[in-house]
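Could you walk me through this structure, strand by strand and helix by helix? I have the viewer open and would like to know where to look.

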Amino acid sequence: MTVARLAIFSDVHANLEALEAVFRDLDHQHVDRVLHLGDVVGYNASPCEVIDLLMERNVHGVQGNHDVAALDLDLAEGFNMLAYHAILYTRQQLDAHHVEYLSGLPFSLLLEGQFLLFHGSLESVNTYIANMYQAKRAFNFMRMQLPFVRIAFFGHTHVPKVWSRNSQGKIRALPLTKEPIILRSDEMYLINPGSVGQPRQKDSRAHYLIVDIDAMTVQFRSVEYNITLAQAKILRAKLPEFLATRLAEGI
Amino acid sequence: MGGEETIFGTKEVTLRSGKRITIRPMIAEDEQALLEFFRELPDELLVFLRHNVRDPAVIREWVEHLSYDRVLPLLALDGSKIVADVTLHRISHGWKRHIGQVRIVVSPDYQGQGLATAMLNEVVELAAELGLEKLWAEVPLDSIAAVRAFRNAGFGCKAVIEGLVKDAEDNNMDILIMVCDIERYFDRKWLSKDVNLHHQIIRE
């Protein structure tokens, strides 16, 4: 099936209320396919409900560091105490079909032969593309190992970002606008939609993006959701209180 | 789930000796254990601390006025015994609002086992979650173990100020200023082992 409009989101982190708000918005966006960039679980209180909703909506994606840690606790050894605590909770909640969904997530996805999706970096789910040096490393990796990929989507930092590399090798972060951003055919891009379930750019809304493949544009979208309900669930689940307070602050 | 529910959760780490240690934020109920921890510390370690921590009134003041927004104290516990204390100090306003200052003290019986590095790693990770951008530490220049622990946790040596502070015998000492750039800190996690990405790509 040819895909003309694609929705991509990342880092849902078991926040059902935020994910439902994104789907409500998506219902008016006429997209052909929805994909995620990993970290479906962790931090928040509704890992099972989130996976069930993704399965119901036929959303496929890639694995994140919290997803693999939920399957193998040894991989959470390097997590901070907030994340570690939430992974212990997550492991208690998951049923067999949730585990099967997480187990089935690949490290990366290549869509339409040209769009690459991964969680952290091209080398690991744990590493970041958070600054220009890391973006340069990722662009170099793409040029050497994946010359057919010009546009890649990643998550993990919880902050929306577009890194571009022009034909002279100059790397820059593009200004993010409400209007669609045009992706030039002579440049490479690393694009992060931000986070659905735990945004960290001091904007508490759930964030995702829409790719228009015909027009070659990406549009960042942000939607309000019921933060109070998500917070109440975190406290009811006896997860660390900071995980609730940070949702309202967008950190 | 195990462990107490605290605002920042709890975590267990394994020391080089194989011993399991719990790391969690200080809570009011830690008053007596904290006093015992500080009373057992040798004088030469106490000189690095800003307060007379053997005075019960000081500890009472701490636990009665816990404010994680201002100071986040993390404790390492071997069972119910406190064996290390690391604090993250934050300034909410002004030009240092993005900087956290880190102080650490580890019981001599638990030094040399990777505990300081584990605690400092935890602080760096939590600082990232709290939105801080840099961490600052002042370390005695001749304390090789402390410098190594901070370096292991991603801190770099930035400046030496000669003869600035005094030790227990009133001798002037040099201090080393160490800074962790939290964003760059994550660079250290780049894996060196080869990952054959082509085998991992799922084409659709």
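How many residues lie between β1(B) and β2(B) in their hairpin, and which residue in the turn has a positive phi? The two strands of this hairpin have 5 residues between them, and B:G18 in the turn has a positive phi of about 95°. Before going further, please keep in mind that this is a predicted model, in which local features need pLDDT of at least 70 and side-chain atom pairs count only at pLDDT 80 or more, while totals for chains, interfaces and linings use all residues. Residues are numbered from 1 along each chain as its sequence is written, and chains are lettered from A and ligands numbered from 1 in the order in which they are written.

Let us stay with chain B, which has 7 helices and 9 strands. Both kinds of element are DSSP runs numbered from the N terminus, helices being H or I with at least four residues and strands being E with at least two. Of the 204 residues in chain B, 30% count as buried; a residue is buried if 20 or more other C-beta atoms lie within 10 Å of its own, exposed if 12 or fewer, and partly exposed in between, with C-beta atoms placed from the backbone. Among contacts in chain B between residues at least 6 apart in sequence, 58% join residues at least 24 apart, where a contact requires C-beta atoms, placed from the backbone, to lie within 7 Å.

Now to the sheet of chain B. Strands of a sheet pair through backbone hydrogen bonds, either parallel or antiparallel. Here 8 strands form an open sheet with mixed pairing, in the order β1-β2-β3-β4-β5-β6-β8-β7 (chain B); two strands pair if DSSP finds at least two bridges between them. At the edges stand β1 (11-14) and β7 (156-166) of chain B, each with a single partner strand, so one side of each has no neighbour in the sheet. On average, neighbouring strands of this sheet are turned by 25° against each other, direction ignored.

β1(B) pairs with β2 (residues 20-25) of chain B in the antiparallel sense over 4 bridges. Within that pair, B:T14 has B:R20 as its bridge partner, and B:E12 stands opposite B:T22. Next, β2(B) is joined to β3(B) by 4 bridges, again antiparallel, with B:R24 opposite B:L75. Strand β3 (residues 71-78) of chain B then runs antiparallel to β4(B), and 8 bridges join them; B:L77 and B:I82 are opposite each other here. β3(B) and β4(B) also form a hairpin, with 2 residues between them and a positive phi of about 70° at B:G79 in the turn.

Is β4(B) enclosed or open, and why? Strand β4 (residues 81-90) of chain B has 7 of its 10 residues buried, so it is largely enclosed by the rest of the structure. On its way to the next strand, β4(B) has 7 antiparallel bridges to β5 (residues 99-106) of chain B, and B:R90 stands opposite B:G100.

Two helices of chain B deserve a look as well. Helix α4 (residues 115-129) and helix α5 (residues 144-152) of chain B pack at an angle of about 40°, with their axes 8 Å apart; axes are lines fitted to C-alpha atoms, for helices over the stretch in contact, and angles run from 0 to 180 degrees between N-to-C directions. The contact is made by B:A116, B:T117 and B:L120 of α4(B) together with B:A149, B:F150 and B:N152 of α5(B).

Finally, turn to chain A, where an open sheet of 6 strands with mixed pairing has the order β3-β2-β1-β11-β12-β9 (chain A). Its edge strands are β3 (60-61) and β9 (181-182) of chain A, each pairing on one side only. Inside this sheet, 7 bridges join the antiparallel strands β11 (residues 206-212) and β12 (residues 217-223) of chain A, and A:D212 has A:T217 as its bridge partner. A:H13, in the loop between β1 (5-9) and α1 (16-26) of chain A, has a positive phi of about 50° although it is not a glycine. A:H13 is buried, with 29 other C-beta atoms within 10 Å.

How values were computed: Two residues are in contact if their C-beta atoms, placed from the backbone, lie within 7 Å.
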